[in-house]
Structure formats: structure tokens, C-alpha cells
Amino acid sequence: MSSSAESRSIQTDASALPAGVSRLISLLVAAAFVVILNETIMSVALPDLMAEFEVPAATAQWLTTAFMLTMAVVIPITGWLLTRLNLRTVFIIAMSTFTAGTAIAAAATAFEMLVTGRVVQAVGTAIMMPLLMTTVLNVVPADRRGRTMGVISIVIAVAPAIGPTVGGVVLDALTWRWMFLLVLPIAVLALVLGGMMIRNVTETKPVPLDVLSVVLSAVGFSGLIYGLSSIGEAATGHAIIAPWIPVVIGAVALLVFTLRQLSLKDFALLDLRVFSVGTFTMALLLMLISMMSLFGTIILLPIYMQQVLGHTTLESGLALLPGGLLMGVLGWFVGRAFDRIGARPLVIPGALLASSGLWLMTLFAENTQLWMIVGAHSVLTTGLALLFSPLMTTALGSLPPRLYPHGSALMSTLQQVSAGAGTALFITVMTVATMVGAGSGQDAVTAQMSGVHNALVIGAMISLVTIVGVFFLRNGAQTQAPAAEADDLAEAEEATETH
């Protein structure tokens with residue numbers, strides 16, 4: 001695996017992955033799972049942290065908001081990093097940064113120090129997912145990418161889904177510091193093993209870094225995510241700034257950023273020509289809608305179970321565990337099925353199941369049994385398991401190899417935006433409907449139930465878009481349709497350069 005020529009020879013062997021490649025992918029998947037898990041693990045710890053550091057809820061929320069904002073700022077740069085630096089160097093940067101952030105957070109004696117640790121953690125987390133996906137696209141043959149991406153879908157979807165469960169279990173027996181102390185030795189081990197095992201399997205190019213693009217992407221993506229994340233607070237009158245202000249600033253910055261990238265062409269920070277590949281654009285859009293549903297329910301269901309049904313934090317976390325585990329188990333089988341039959345036979349029933357799960361949730365009431373919540377959530381996650389891996393593999397596999405880093409960076413960035421949008425949508429609808437219910441004379445529990453119901457109805461209605469969209473998704477073997485589309489893109493670019 002020490003040269004790009006060897007990596008290309010690996011791609012031609014469709015029978016099995018070499019042992020070295022299998023170890024490389026396993027190590028990267030394990031490391032990515034650990035770092036992504038930390039994105040949502042802190043959500044259940046906010047009450048304890050508010051009490052210990054004597055900060056209000058709006059301040060405590062920065063532990064999650066700062067993490068997401070940092071991810072949004074750093075991920076766009078990973079396309080340049082993966083083009084400019086070799087794989088081993090990028091991995092060491094990612095894991096050493098994440099490890100340092102974990103140590104800072106574990107030793108935090110003040111709230112500001114804890115937020116700093118989370119920000120440093122997020123830098124490493126932001127690099128890991130594009131690194132993992134780009135590596136897979138370079139070393140795994142096309143007809144085996146489905147099963148490998150099925151495993152990666154566990155990292156993308158299951159890790160954040162079970163984050164609150166893991167956090168609830170830890171807090172039930174230990175203090176919040178153990179959320180970091182338990183992760184720290186695992187991160188150190190991954191860093192050491194990666195430093196010894198990883199070899200460079202990608203080609204590098206001395207691409208200059210456009211500083212203006214970095215600034216524009218940072219302002220654009222962070223503005224969108226911050227604005228979307230603060231909509232719920234604004235509905236209750238507790239937002240620091242009107243949400244539309246950062247959203248507008250972010251949108252304008254992204255417009256300028258887009259024009260800048262198109263003008264830079266081969267030297268772009270993020271090569272937006274990936275969107276000229278229709279399969280990539282359609283699959284990415286469907287995946288982002290699905291991510292909105294996942295993160296919206298992750299944030300909404302614990303609120304419903306605790307504030308309406310009266311369950312504890314631990315009970316709420318454990319209720320979401322079966323669905324998260326089911327998604328993880330199915331990811332393996334879905335990936336292998338994709339290699340045999342393509343995307344559409346999987347994503348069509350997936351879209352139907354995901355939508356069915358959300359519509360079942362609209363039947364929740366003030367006396368719903370816990371097993372019904374577990375069942376509806378499991379239907380949703382089953383559908384999402386059938387969607388995530390095929391959509392991700394189809395999107396990235398449709399690109400020419402030189403656009404792999406940019407495609408994976410864009411996908412990871414927009415996943416953060418869609419997660420923020422899903423959270424904002426569900427929380428805002430819930431908050432507004434709850435206030436309307438309370439204003440009409442409903443008691444607190446009934447008003448809260450009204451808010452949860454309205455949010456779930458909106459989520460279920462949006463899921464219908466996915467059902468329509470999957471029928472327009474191109475279905476073909478990874479070695480056929482995407483390759484043809486990539487060739488079309490290359491020919492178009494050559495024609496442009498000639499003229």
C-alpha cells in the first residue's frame with residue numbers, strides 16, 4: 001500500500017480485499033466511530049453541567065453548538081487537506097487533535113475550558129469522516145464498495161443515534177468527566193496503531209490554499225448552522241441574536257463562496273463541479289432529507305419521553321438503543337445487497353419504511369406505552385438503514401477519482417447543515433405549537449404533547465419527498481453507470497479547456 005500504483009492494482013482485484021486494506025479500513029472505521037459518537041453524547045449531560053458550572057441552558061447549549069460550528073468550519077478544508085497531504089499525515093492530525101481535545105475536556109475546571117476541549121475535539125472529528133470515505137473510494141474495488149460503505153453508514157448514523165444512550169448509561173453510574181476519560185485511552189490507542197499501520201495510498205498534489213475561500217466557507221456554513229440552531233431559542237424569546245441575521249449572512253457568504261469556487265476551477269477549496277454529476281446531486285439530496293429526519297427524532301423523542309411521559313434520562317436513552325443497534329446490524333447486510341442489486345431495490349422500500357415510522361410517531365399520545373415508541377423508532381431506523389449506505393455509495397461512486405476528496409468533504413459538510421436544519425425544524429415547530437397550546441389554556445403536559453405531535457406531523461410530511469425522489473435515482477452497478485457518468489464529466493471538462 002506504499003504507492004498509488006499499488007492502490008490502483010488493489011482496485012482491479014474484485015475477489016477480496018487484501019489483509020492490509022482490511023486492517024486499514026477497520027482502524028479508520030473504529031476511530032471514526034469514536035470521534036463521531038462524541039457529537040451527541042453530551043446532550044443528556046447538560047442538566048448536570050448547568051448545575052456544576054452554574055450556567056443557564058442557553059450557555060450550556062454551546063457545548064453542542066460550538067461542536068457543530070467547528071465541524072462546519074473545518075470540514076470544507078478537508079478536501080484541500082486530502083489533496084495536499086498524504087493519508088497518514090492527515091490521520092495523525094485528526095486523531096492527535098481529537099485526543100488533545102478529549103484530554104482538555106476531561107480535565108476542565110471551568111465551563112470555558114470544557115467548551116475549548118469540545119472545539120478541539122470537533123476539529124479532529126471534522127477531518128475523520130472525509131478521510132475515511134476518500135480512503136475507501138481509493139482502495140476498495142467498485143463492486144465491493146457497497147458493503148464497505150454499509151459499515152461506514154454505522155459511523156454516520158448509528159454513532160450519533162446511540163450517543164444519548166451511551167451518555168445516559170455513563171451518567172447513571174459515573175460523573176460527566178467519564179464521558180471523556182473512557183474515550184481517551186481508546187483515542188490514544190487508535191492514534192498509536194494508526195501511526196504504525198497506515199501507509200500512504202493516495203496521490204498528493206501541491207494545491208495552493210485559497211484563504212478567501214476558507215473565510216467565506218467558515219462564515220457561510222457556520223452562519224447557517226448557528227442560525228438554524230437558534231431558531232428554537234428565538235421562539236421562546238431566549239435567542240442571543242435574531243436567527244435570520246446569521247442565516248442571511250451565511251447565505252450571502254455561501255453565494256460568494258460558490259462564485260469563487262467556480263472561478264478557481266482546479267484550485268478550488270471545494271470543487272463544486274461534483275454537482276454537475278446528476279446521480280451525485282440526487283443521491284446527496286435524498287440523503288440530506290433522511291439526515292433531517294434522523295437528527296430531528298433524536299432530539300425530539302427524549303423530550304417527549306421525559307417531559308410528557310415522565311421517563312428518566314436513562315430510560316429515554318435505552319428506548320432509542322434498539323433502533324440504533326438495528327440500524328448498525330442492517331448496515332452490514334444492506335451494503336452487501338447493494339453490491340449485488342444496486343440502489344433502487346433498497347432505497348424504495350427504505351423510503352417507505354422511514355416515512356411509515358414517522359407517520360406511526362404521529363399517533364403518539366400522553367399515555368403511549370414505551371414499547372410502541374421503541375417499535376416506531378425501529379421502523380424508522382430500518383428504513384434509514386436501507387437508505388443511507390446505498391445513497392452514500394451511489395453519490396460518491398458516481399464521481400471521477402480526482403473529485404473524491406471534494407465529494408466526501410461536501411457530503412460531510414452538508415450533513416452537518418441538514419442535521420442542524422432537522423433539529424431546528426422539529427424544535428421550532430414543537431416550541432411554537434406548545435406555546436399556542438399553553439396560550440389556549442392547555443395544561444403544561446397537554447401543550448407539550450401538542451407541540452411534539454405537530455413537529456412529528458411536519459417531519460412525516462417531509463418524508464414523502466424522499467418517497468418520490470427515490471424513483472428518480474439511477475440504478476446500476478458501481479462499475480457501470482457511475483463510471484459512464486464520470487467519463488461524461490471528464491469529456492465535458494476537456495471540451496471546455498479546449499475551447
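This is a predicted model: local features need pLDDT of at least 70, side-chain atom pairs count only at pLDDT 80 or more; totals for chains, interfaces and linings use all residues.

Student: How many helices and strands does the protein chain have?

Tutor: There are 20 helices and zero strands. Helices (H or I, at least four residues) and strands (E, at least two) are DSSP runs, numbered from the N terminus.

Student: Why are α15 and α17 called roughly parallel?

Tutor: The axes of α15 (residues 313-341) and α17 (residues 370-397) cross at roughly 30 degrees and come within 8 Å. Axes are lines fitted to C-alpha atoms, for helices over the stretch in contact, with angles from 0 to 180 degrees between N-to-C directions. Angles under 35 degrees count as roughly parallel, over 145 as roughly antiparallel, 65 to 115 as roughly perpendicular and the rest as oblique. The two helices are therefore roughly parallel to each other.

Student: What residues make up the contact of α15 with α17?

Tutor: They divide into 15 nonpolar, 10 polar and no charged. Here Ala, Val, Leu, Ile, Met, Phe, Trp, Tyr, Cys and Pro count as nonpolar, Asp, Glu, Lys and Arg as charged, and the others, Gly among them, as polar.

Student: Why does Gln 448 count as buried?

Tutor: Buried means under 20% relative accessible area, exposed over 50%, and partly exposed in between (1.4 Å probe, protein chains only). Gln 448, in helix α19 (residues 444-469), has 12% relative accessibility and therefore counts as buried.

Student: What makes Gly 79 buried?

Tutor: Gly 79 lies in helix α5 (residues 62-84). Its relative accessible area is 0%, so Gly 79 is buried. Leaving aside neighbours within four places in sequence, Gly 79 is in contact (heavy atoms within 4.5 Å) with Pro 405 and Ala 409.

Student: Which residues have the most contacts inside the largest nonpolar core?

Tutor: A nonpolar core is a set of buried Ala, Val, Leu, Ile, Met, Phe, Trp, Tyr and Cys residues joined through side-chain atoms within 4.5 Å. The largest has 129 residues, and those with the most contacts inside it are Met 95, Met 128, Ile 152, Tyr 304, Phe 364 and Leu 396. Helix α14 (residues 278-308) gives the most to this core, with 16 residues.

How values were computed: Residues are numbered from 1 along each chain as its sequence is written. Side-chain values use heavy atoms; hydrogens and water are left out.
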